[in-house]
Amino acid sequence: MDAWILLPVILPVLAGVILLLSLAFEKRKNGGGQPDREPGEEELRSLHRYVVAVLAVSAALALAAVLSGEHSVTLFELLKGIPVYFHVDDISRLFASIISVVWLLVAVYSFVYMKHEGKEQRFYGFYLIVYGVLMALSFSGNLVTMYLFYEIMTLTSMPLVLHNGSREAIMAALKYLFYSMCGAYLGLFGIFFLYKYCDTLTFTAGGTLNLELAQGNVTILLIAVFGMLIGFGAKAGMLPLHAWLPAAHPVAPSPASAVLSGVIAKAGVLAIIRVVFFVVGPDFLRGTWVQTAWMTLTLLTVFMGSMMAFREPVFKKRLAYSTVSQVSYILFGLSVLSPVGMTGALLHVVFHMVIKCALFLTAGIFIFRCGETRVEQFRGIGKQMPKTLWCYTFASLALIGIPPTSGFVSKWYLAQGALEAGVGAFGIIGPAVLLVSALLTAGYLLPITTSGFFPGGIVKHVKAEEKHSADAAEAEQGQTADAKNVKAENAHGVDIVVDRGQAASLEPSPEMLIPLAILAALAVLLGLFPNPLINFVSRIAASVM
Amino acid sequence: MEFVQNFPFFSILLSLFSGPLCSVIGGKAARRINLAVITAIGAMSAAVLHFTIRTGEAYVYLMGHFPAPWGNEIRAGVLEALMALFFCVVMFLCMVGGSLERSLEIEESKENLYYVMVNLLLSSLLALIYTNDLFTAYVFVEINTISACGLIMIRQNGRTIEAATRYMIMSLLGSGLLLLGICFLYDMTGHLLMSNIKEQVQILHGTGDYHIPLLVTVSLMSVGIAIKSALYPFHAWLPDAYGYSTLSSAAILSSLVSKGYIFLLVKIFYRVIGFDIVRDSKIVNILFAFGVVGMIMGSVSAIKEGNIRRMIAYSSVAQIGYIYMGFGIGTTAGVIASLYHILSHAATKSLLFVSASGITDASGDSTSFFDLTGAGYRNKLAGVAFTVGSLSMVGFPMFSGFISKLLFAQAAVDSAYYKMLPALIALAVSTILNAVYFMKTVIRIYTPADREEVSRRGFKNVTVAEQKAKSAALVCFIVLNMALGLCSEPIVRLLSEGLNMFA
Amino acid sequence: MNLANLANNYEEAIAMILFGIGFSNLLLQKNLIRKIIGLNIMDTAVYLFLALKGYIAGRKAPIVVDGVQSVKAYINPIPSGLVLTGIVVSVSVSALMLALTIRLYRRYHTLDLDEITTRLKKEGL
């Protein structure tokens, strides 16, 4: 019996539910109506221990499951011929292991961060549940099982977005829900068609489409597949259903946005990989209008995401747009339908997951330590938190793709894949767009480093009251964008007023810094020693094409 | 013959006679009797279900031991017992969930009369489920109509009386057509028992005689029942009737009454005419067209509606459309999907009505959409329940609606091209439209309200302890919904087995 | 399919015409009382049809009074039974409709259903 591979699914979900239930009981004991009691230091510590223990055990189990060969479990029959079926294959291995690592690191980081957001117990309850669901998603062995957990993931990750309960957060969370669900339904209707025209919905490398049945129904199948691409692409932030991403990420607590951006957006990628390479089969799509449209959409998204990020002053929103753009790199790599392109895409899945988490964690540190959210406020920040900013810089370099960091490797493969795939003009346009977008990436990420280390002018640290008067004076000048103001003042050598108190160092505590450092180091190291990973993913790519 | 086999007959009689009994006792006692009767019938149906599953075949129960062509018969199989059990469960929960509203909205002196109506309604539903005699079915259809009318107008205001009148008029048109159809069938075949009629109809179909009269008869009966079960465009009475009657009435009407008629239609299709003849007659195509149009138009009306109760009522129009669409596909898979949707919709729609009332309780009893802002925080359980109901309606996995959508789509992709495309497109469009108005409402009830506004309007928080009965009903409904959504495989198997032994 | 058939079965034809009259009255009349009259015409038409089906020319109603036991002496009794049942149903339904009409008339002093609906909308209930 291979049923034990479900343990990393069941354990965190149960643990999360227990957390939520105990929260509800405690509330009832306190008499419901009163505002939530802040948990004491000791309680928090035991909560943290609990979360780490559960996550570590589950992650260990997940790794054991993925490392110990092929497993499959049929849970029960949802409908006749449609079982809830789990199967561990190479794609599952890739996703499950990297998700486990990132999830654990972000959890450690969040212990300190979540102190200023409050309601830790609820957060960790859902955090654990989502981890379990993600494991189930990675292990899903057929299309319907995957869809099931895909939707559950949407629902359970929603509370992470609306954590602070503000109006804005709730609206963003509902937007997230609405987009994901509309997308998922497009996917679902595709599944109905595939159910008819495929031999089986169980994932099989290379696809299970029954070409005899499909004969004569090609148009309708292509439409269905295109619908699925658009639908599952919603989670991955692909045009035209991308709008939830920049709304949801900035309002979520930073650890949540890190995993939303880094991990959950990848669930959309996973779904698309499963549909295209494991059910429909790449051969069916190659050379059709669906491939052309898909490539066009991804390239548009890459470009548009970078442009929006470039123009965005709010740091977390900028990172969210960057996610839109970067995840579409991955989708572009998939859309060229060549082994090299897919290798690049899978590499970028791993690298982007690591890098984007690191970047969001940095944003979280800036918010947590200084309460600053806008890019122009970060001037001179490197003086006070050099380690953080160095980590940020390495992660940025990796995302831009400067050798020898990891981003370079994946982008190299992506461009190679596009050139080799024989997709006509896209072979040229694709790499060109990727290059332009890489420049834009440099344009929106690196200024923070430069102005952080080299603010130009003199940074004056003032106390809060003075800052307020300065703000008031600024406000009198009217409602022109303050970014311009700062620039103008800067040009004249006027002092930059930053309210960070007098402290010489604002470096965060090790619990926050170490996960960030590990992620940043991974971002670089994976670029220095990419060979094992490349071998692994190219094996996957070769197996499906 | 085993003792269990008497149970269908007992349950009809029990509810039939407890009705008049309720008219002579007080409201409180009537309430207890009513709940006891529903529980007892539920238990008996469960026993029958167990028995029929064990024996694996349906059995015929002779009333008064007169043999086939003369006597009146009851016929019970897995499908009938399952429906009876399910109807009892839903009705029990509806009655429990609506008890608070009933005590507020019904004059005390009339309370016992309400239970008369409920008991009669239950007996007529059971009779529609179990009977094997077409004319008996007609009589109970009328009893059903009359008691449903009573349920609507027990809460007296202009709207409900008008709604009841409109409901009666539409129902009478429907039952007129049904009665005419039954008379035609009697004329052609000389029988009233369904199985005997079918034998004759098969012979007639084989020889090709009476082709047109048979066609006319099938269409008369289908249209009659379609009118009675509020298939679009015969739904004009429905929003008012569901929107303004007392809570348990609305829940029972939407989830059970129309389903009883639809079940009769299945019976007519399978046991009286024979489904292959119905399919050849093309009447299913007309039902299909109306069903598809209803799916879309019901949702569109619901989107335009500003009153939450009426919105849910309009959504019923769409869901009835789904059911007819399933029949219209004209395959057994389609009918199973429709039967499953009958269960799923009954569980979900009553959940929605009860939770919507919980939400309006926390909004100063206002049903207008705007006042519901933030109600999900003021009544937490109702908010969650409404969200669950909405997700189920939209077809979120884990909940029952997802499985019915899956079944419908499966049935659709296996059917002919000219039906597959409209069916799937209608499913897609209607799903999106459902998502629009249900998610809109969920967003509304979870949008934080202005605190001052809340205290000025005097909106109160509602806790579970204040509304024990309703909360318990809500929890049960949620569980029922998830049970249908997660353990659908045995239920679908039972449905298809039941349908096999149905004819 | 010719007119001779129609003429031979003129009773059935009349029943159907009556049914049509009743049905369209119930559907189309605005006045509630007329609707109820339409309902009764409709039901009666069905009973006429049923009674016709049970009638066998030259025989008597199936009530044993003079000791004649032979089946051949009587018409088919089942349709008569059905008609009786049907009459009971239609009486109760008509009574209910009339009661509803009285309620509405007391409230709105009109028998026109559309008029009542417009008033209800004005009331904004």
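At what angle do the axes of helix α6 (residues 167–197) of chain A and helix α8 (residues 218–233) of chain A cross, and within what distance do they come? In the predicted model, these axes cross at roughly 145 degrees and come within 7 Å. The crossing of α6(A) and α8(A) is left-handed. On the side of α6(A), the contact is made by A:Gly183, A:Ala184, A:Tyr185, A:Leu186, A:Gly187, A:Phe189, A:Gly190, A:Phe193, A:Leu194 and A:Tyr197. The residues contributed by α8(A) include A:Ile220, A:Leu221, A:Ala224, A:Val225, A:Gly227 and A:Met228, together with A:Ile230, A:Gly231 and A:Phe232. Classified by residue type, the contact between α6(A) and α8(A) comprises 14 nonpolar and five polar residues, with no charged residues.

In chain B, helix α6 (residues 134–153) was examined for its length and its burial. Its 20 residues should span 28 Å at 1.5 Å a residue, which agrees with the 29 Å that separates its end C-alpha atoms. Of the 20 residues of α6(B), 18 are buried, so this helix is largely enclosed by the rest of the structure. A residue is counted here as buried if 20 or more other C-beta atoms lie within 10 Å of its own.

Chain C contains five helices and zero strands, and its elements follow the order α-α-α-α-α from the N terminus. The radius of gyration of chain C is 20 Å, whereas a compact globule of 125 residues would have a value near 14 Å. The C-alpha trace of chain C spans about 65 × 40 × 15 Å along its principal axes. Buried residues account for 23% of the 125 residues in chain C. Among contacts in chain C with a separation of 6 or more, 52% join residues 24 or more positions apart.

With regard to the assembly, two pairs of chains touch, and the pair formed by chains B and C has the most contacts. Chain A and chain C, by contrast, are joined by no contact, and their closest C-alpha atoms lie 32 Å apart. The contact between chains B and C takes 22 residues from chain B and 28 residues from chain C. On the chain C side, the elements giving two or more residues are α2 (10–28), α3 (32–54), α4 (77–108) and α5 (113–123) of chain C. Helix α4(C) provides the largest share of this side, with eleven residues. By class, the side of chain C that touches chain B has 20 nonpolar, three polar and five charged residues.

Note on methods
Residues are numbered from 1 along each chain as its sequence is written. Chains are lettered from A and ligands numbered from 1 in the order in which they are written. This is a predicted model: local features need pLDDT of at least 70, side-chain atom pairs count only at pLDDT 80 or more; totals for chains, interfaces and linings use all residues. Helices (H or I, at least four residues) and strands (E, at least two) are DSSP runs, numbered from the N terminus. The radius of gyration is taken over C-alpha atoms; the globule rule is 2.2 Å times the number of residues to the power 0.38. A residue is buried if 20 or more other C-beta atoms lie within 10 Å of its own, exposed if 12 or fewer, and partly exposed in between; C-beta atoms are placed from the backbone. Two residues are in contact if their C-beta atoms, placed from the backbone, lie within 7 Å. Axes are lines fitted to C-alpha atoms, for helices over the stretch in contact, and angles run from 0 to 180 degrees between N-to-C directions. A crossing is left-handed if the near helix is turned anticlockwise from the far one by less than a right angle, and right-handed if clockwise. Ala, Val, Leu, Ile, Met, Phe, Trp, Tyr, Cys and Pro count as nonpolar, Asp, Glu, Lys and Arg as charged, and the others, Gly among them, as polar. The expected span of a helix is 1.5 Å times one less than its number of residues.
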